[in-house]
Amino acid sequence: MSDTSPQLCAHDLYRHYREAGGHGERRVLEGVALSARAGECVALLGRSGSGKSTLLNLLAGIDRPDRGWVEVAGTRLSTLGEPALTRLRRRRIGFIYQSFNLIDELTVAENIALPLALDGVRARDARPRIAAMLERLGLGGRANAFPDQLSGGEQQRVAIGRALIHEPALILADEPTGNLDADTGARVLELLAALFREHGRTLVLVTHSRAVAAIADRVLTLERGRLRADDTALSW
Amino acid sequence: MSPILIHLGLRQLSRQPWQAGLTVLGIALGVAVVVAVGLANDSARRAITLSVEQLDGRASHRIEPRGAGEGITDATAARLLQRLGPYPATAVIEQPLRLEGEGFTLLGIDLLQADALRGAALATTPRPDPARLVTLLTEPGALLLGATDARRLGVAPGDRLRLRHGGQLYQAHLAGVLDQGLEGIALADLATAQTLAARPGRVDRIDLVLPPEAGAEIAATLPPELQLRATAGRGAALHEMTRAFRINLLAMSLIALLVGGFIVYSTQTFAVVRRRPQLGMLRALGATRARVAALILVETLGLALIGAVLGIGLGLLAGQGLVQLVARTIDDLYFRLEVTRLALDPETLLLGVAMALLVALGAALAPALEAAAVTPREAMRAQGLERRAHGWAGPLAGLGGVIALGGWLATLVPGTSLAQGFALLLLVVLGSVLCVPALLRVTATALAEVGTRLAAPLALVLAARAVAGSVARTGIAAAALTLAVATSVGIGVMIESFRHSVIDWLDHTLEGELYVTTDTRDAVLPAGLDDALGATGDLASVIRARRMAVTTGTGEATLLVRDRPAPDATGPMLLAQLDGDPWAAGRILVSEPYAHHHRLAPGDHIELATPVGWRRFNLGAIFRDYGSDRGLLMLDYREAHAYWDEIGFGSLALSLTPDGDPQRVRERVRTLAEAHDRTLLLTASGEIRTLTLEIFDRTFAITEVLRLLALAVAFVGVLSALLALQLERRRTHALLRATGMSRRSLTLTLLTQGSILGLTAGLLAIPLGLVMGELLIRIINVRAFGWSMALQIPASALLSGPLLAWGAALFAALPPALRAGREPPARGLRGD
Ligand SMILES: Nc1ncnc2c1ncn2[C@@H]1O[C@H](COP(=O)(O)OP(=O)(O)OP(=O)(O)O)[C@@H](O)[C@H]1O
Ligand SMILES: [Mg+2]
């Protein structure tokens, strides 16, 4: 896979929601186009309610657009049936949400191992990778803890580990530090950036914070249903 | 309650209609079972009262033969009636028969006396002048029917009626229709009835109205073979006879209501969990704890009321079918009973509704307190409840264990109260059920542990952990399921043990291969029949038997006078006996229920009123008898002859010699029947056995229905718990799907959850079911009926218990599992 070929490509995405009550439509995305190369980090800014999470869901194959298409690592998502899409998610995509990212019933190690387990990787083969990842995340001693025994920052680190363990082509992060205090948030973000650089794939990062956006190669703003390049970011 | 809060409650309910629906359904099903059983019981009881009143009319007393003999001769009756001069009295014939194919009782009385004895009962349509009425009614074959019956049969005055009894057809006609009263009764003049009942020259008894003080004087003038009895006790005795049966049914219906309580608990707890943020907000805005708790209680009460109303409707519907089942059982076990009208006592209705509301409130108490405990800053998740569940499951199990053990130990203390027996049974069951959440958690945790070690499929580990992690929900559902299945297993064990014991008993009791009886109840066989049959070489032994009503020192009883069993025959099953021959002179045998009710043991004394005065007998042995729950006395035929000169026999038990030919015996009986111009019935012991078991199975058909109902209620409980769990865990499921878990795997995970819950509940139900069965046998049956039986554990009940629980849980897991699989992950992630 060449570094210049786009790992992620979205074309003319539309997504409308029916208003509660059944009448009228809420037009959230109206012709969004986006493309990102391998190794590139794109930050996504926008007001609350502008449709950032909606877009991320479309990119992750969790939701389907009303119009337009998404390609991840050369595969067009709309051509896939539900099972194939699911398979693609667990092999090619990793994501991190603002909070409640983890499965309460699984330990830290199991949460991180989840994409591998779902993909049928044998526990024996997965173990060294998990151990290495735990070390890298600074969670070496907490492998068998359950999520409700972790602090918010630790939980987000586990989520990062889970999003990266299977070396996905595309990592999507929806305000990964939004729920953390500034200090912890900064450290988590550092970790995400570092890991992302090591594994060298594509990262799309939704944030409200310009400081966070600073780690990105490119900053885009979602406004009135469309994406535009953020000039302020360039002027920095 | 402020309008805003009510509004909030209603809005939230309408957003979660299934949750409100399940609460309503849980209560409705519980109430329906109680009402249906109540309807059946009350209708049966009303029918008993009605039939007794109709047959006895206003008569305060009756004069009847003392046990032996075929009724009273016309001559004796006439003499007595003359002596009774000033008091209204009539000779009576009573004969059960089929009229136009339906069961009726032919009642023959002196119609001229009828008004005094039966009040307005004789107002007829058409209304002829009194003189013509007499001619009309004294015509041969003239009958009167009640208006309801006549309408149902579609007959009008003047129409022919076909009567049948004892295999014989009789012709009669409808002379008039009674405006009111009489149901299931065909009224005729005495002479007509004697003809139609094929009992010329004899009457069954004399009914009379006596002032209380005249009783003793009349009794003193009676010939020794007759006795005077007050009729007031008859209805009471019938009620008493069927009471235990009815209590059993009621107790079972309450179990269904209890299971309904579990549903209320689990759905309302879920409601609280869901509303945690709003409740926290309300508290922050200044709502007191009491108010928040009241919010939940009022809501539950409202839902329970709706459920109760629905349940009443449902119960009335279901009750129609149940009435027939109960009536048939009473008919089989006790006496002819035709229930033509449904009746439901307001008290039964009130009991059902009150119990439902009480159960619902009790069940909602925990969630209400839970709601009150929500702090204003409460977090978004269900963790509060679960964290606390981890805290309470253990102590709850401890408490339950102590209650169960205490209840069980208390059953070891001898007692006779049926209500107390049920209370102890309830303690044992409830106590055990309280242990279920903790046991489920232990099981699921262990399963997850083993699964992790063995690198089992993720679905199993996830499911086991989810079950263990949400015992507040799954534990309660499992408890309800355990309760229902254990009840099913327990009753299965009891019925199977009972059935085995009955078969065993039949094998002992049916001493002959062939039985000779007559068609009419209480009639005697022609004298000399025993010798005539015994003279043939085909028979090894002939045992005569005669059942008669006797008076003992403690009340009325049934005495079976019979030949002692042949030396090499088994004879009745003796449960306890004195040393030596229990049939020896001066000794009497009593059945187990009789000994139980009168607290008798071998060696005790029983006094019997005989034609030659009171006689004292030594209780020689107690024998097993499931034929009557009131009990039976048994006396050697030869010994009885010393007191009754004319005993006769109502049945003969014939045992064949090894090379005896049953066909020849059959022929011989037929010839003898013709010679005596009597109908003689020859029944093989196999037929009796089959018939008895048929009746047995029919008796327990109703328990079968109730078992299924309890299971249905439990099913709703599991469904509600799993639906709640699925909703609660939507985000987790969405995360799994987003991470790449396939729909199938997610569905499978949820089905595995259901399976773990169901199988654990099913396995726990086995020991609890066995304990229930043992208690039903050792305590309830003995106290209710006086019957003991050997515990029999049917493999089928043990196997079907877990399978049933598993099936129910799996089936209940299906809707939430499919729903979780179908839900788009994007929606679950948004969490709305
Ligand atoms: N399933 C849905 N049904 C109806 N409307 C929806 C749905 N999902 C999102 N919306 C609407 O679409 C708009 C965009 O939502 P989205 O969650 O994408 O915003 P966002 O940019 O992520 O906001 P935030 O920064 O607050 O997270 C919102 O106005 C929201 O109300
Ligand atoms: Mg968002």
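These legends walk through a few views of a predicted model. Local features need pLDDT of at least 70, side-chain atom pairs count only at pLDDT 80 or more, and totals for chains, interfaces and linings use all residues. Residues are numbered from 1 along each chain as its sequence is written, chains are lettered from A in the order in which they are written, and side-chain values use heavy atoms, with hydrogens and water left out.

**View 1. Chain A as a whole.** Chain A is built from eight helices and 10 strands (DSSP runs: helices are H or I, at least four residues; strands are E, at least two). Its radius of gyration, taken over C-alpha atoms, is 18 Å, close to the 18 Å from the globule rule for 236 residues, so chain A is as compact as a globular protein of that length. That rule is 2.2 Å times the number of residues to the power 0.38.

**View 2. The largest nonpolar core.** Here 123 residues come together, and those with the most contacts inside the core are A:Leu8, A:Leu59, A:Leu172, B:Leu481 and B:Phe498. A core is a set of buried Ala, Val, Leu, Ile, Met, Phe, Trp, Tyr and Cys residues joined through side-chain atoms within 4.5 Å; buried means under 20% relative accessible area (1.4 Å probe, protein chains only). Helix H16 of chain B (residues 471-509) gives the most, with 18 residues.

**View 3. Around A:Leu8.** Leaving out residues up to four places away in sequence, A:Leu8 touches (heavy atoms within 4.5 Å) several residues, including A:Leu34, A:Leu59, A:Val70 and A:Val204.

**View 4. A second core.** This separate set has 40 residues, among them A:Cys41, A:Leu45, A:Val158 and A:Leu192.

Methods. Buried < 20%, exposed > 50% of the residue type's maximum accessible area, 1.4 Å probe, protein only.
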